[in-house]
Amino acid sequence: MLYSYSKCIEMFGTDRKIKQAIDDKQIFKIEKGICSNTKYVSELAIISTKYLNAIFTLNSDFHYYGLTDVIPDLYFLAISKEITKI
């Protein structure tokens with residue numbers, strides 16, 4: 001499961017305790033502001049956690065729903081125009 005920084009603060013209390021949990025391998029740092037309870041996480045899960053308001057479109061969407069057998073080289077995302085650029 002992926003955790004945002006704010007969720008880690010709720011779980012551990014302070015930034016120092018989060019760093020200690022990472023050192024003790026209770027959680028693993030995936031990216032800046034994203035931690036996980038497993039060492040390896042799919043890129044799809046990371047993107048979904050990092051960009052909550054984005055949706056997968058085009059080739060990415062077709063592949064994940066099984067409408068094509070072509071694996072996309074890039075992730076295609078769509079966001080609302082009111083949200084800042086990715």
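Which residue forms a salt bridge with Lys-7, and how far apart are the closest N and O atoms? I found Glu-10, with the closest N and O atoms 4.0 Å apart. The cut-off I used: a side-chain nitrogen of Lys or Arg within 4 Å of a carboxyl oxygen of Asp or Glu.

**Ground rules**

I'm working on a predicted model, where local features need pLDDT of at least 70, side-chain atom pairs count only at pLDDT 80 or more, and totals for chains, interfaces and linings use all residues. Residues are numbered from 1 along each chain as its sequence is written, and side-chain values use heavy atoms, with hydrogens and water left out.

**Salt bridges**

I searched the whole structure and got three salt bridges. Back to Glu-10 and Lys-7: they sit three residues apart in helix 1 (residues 5-12), so about one helical turn separates them. Helices here are DSSP runs of H or I with at least four residues, strands are runs of E with at least two, and both are numbered from the N terminus. Glu-10 is exposed because its relative accessible area is 62%, while Lys-7 comes out as partly exposed at 36%.

Next I looked at Asp-15 and Lys-19, whose side chains meet in a salt bridge at 3.4 Å, N to O. They are four residues apart in helix 2 (residues 15-23), so again the separation is about one helical turn. Asp-15 is partly exposed, at 33% relative accessibility.

Then Lys-50 with Glu-31: this salt bridge has its closest N and O atoms 2.8 Å apart. This pair links distant parts of the chain, with Lys-50 in helix 3 (residues 43-50) and Glu-31 in strand 2 (residues 28-31), 19 residues apart. Both ends are partly exposed, Lys-50 at 42% and Glu-31 at 28%.

**Cysteines**

How many disulfides does the structure hold? I count zero, taking a disulfide as a pair of cysteine sulfur atoms within 2.5 Å. Cys-8 is in no disulfide, and the nearest cysteine sulfur, that of Cys-35, is 4.1 Å away.

**Ser-36**

I found Ser-36 in strand 3 (residues 34-36). Is Ser-36 buried or exposed? Buried, because its relative accessibility is 0%. Its side chain reaches the backbone oxygen of Met-1 at 3.3 Å. Leaving aside neighbours within four places in sequence, I list Met-1, Leu-2, Tyr-3, Ile-27, Phe-28, Ile-30 and Val-41 as contacts of Ser-36, contact meaning heavy atoms within 4.5 Å.

**Tyr-65**

Tyr-65 turned up in the loop between helix 4 (58-64) and strand 5 (77-78). I scored Tyr-65 as exposed because its relative accessibility is 64%.

Together with Phe-62, Tyr-64, Leu-67 and Tyr-75, Tyr-65 makes a nonpolar surface patch of about 570 Å². Patch residues have over 30% relative accessible area and no salt bridge; like charges are joined within 9 Å, and nonpolar side chains (Val, Leu, Ile, Met, Phe, Trp, Tyr) within 5 Å. The accessible areas come from the Shrake-Rupley method with a 1.4 Å probe, and for residues only the protein chains shown count as cover.

Conventions
Buried < 20%, exposed > 50% of the residue type's maximum accessible area, 1.4 Å probe, protein only. Polar contact = N/O pair within 3.5 Å; in protein donor to acceptor, adjacent residues only side chain to side chain.
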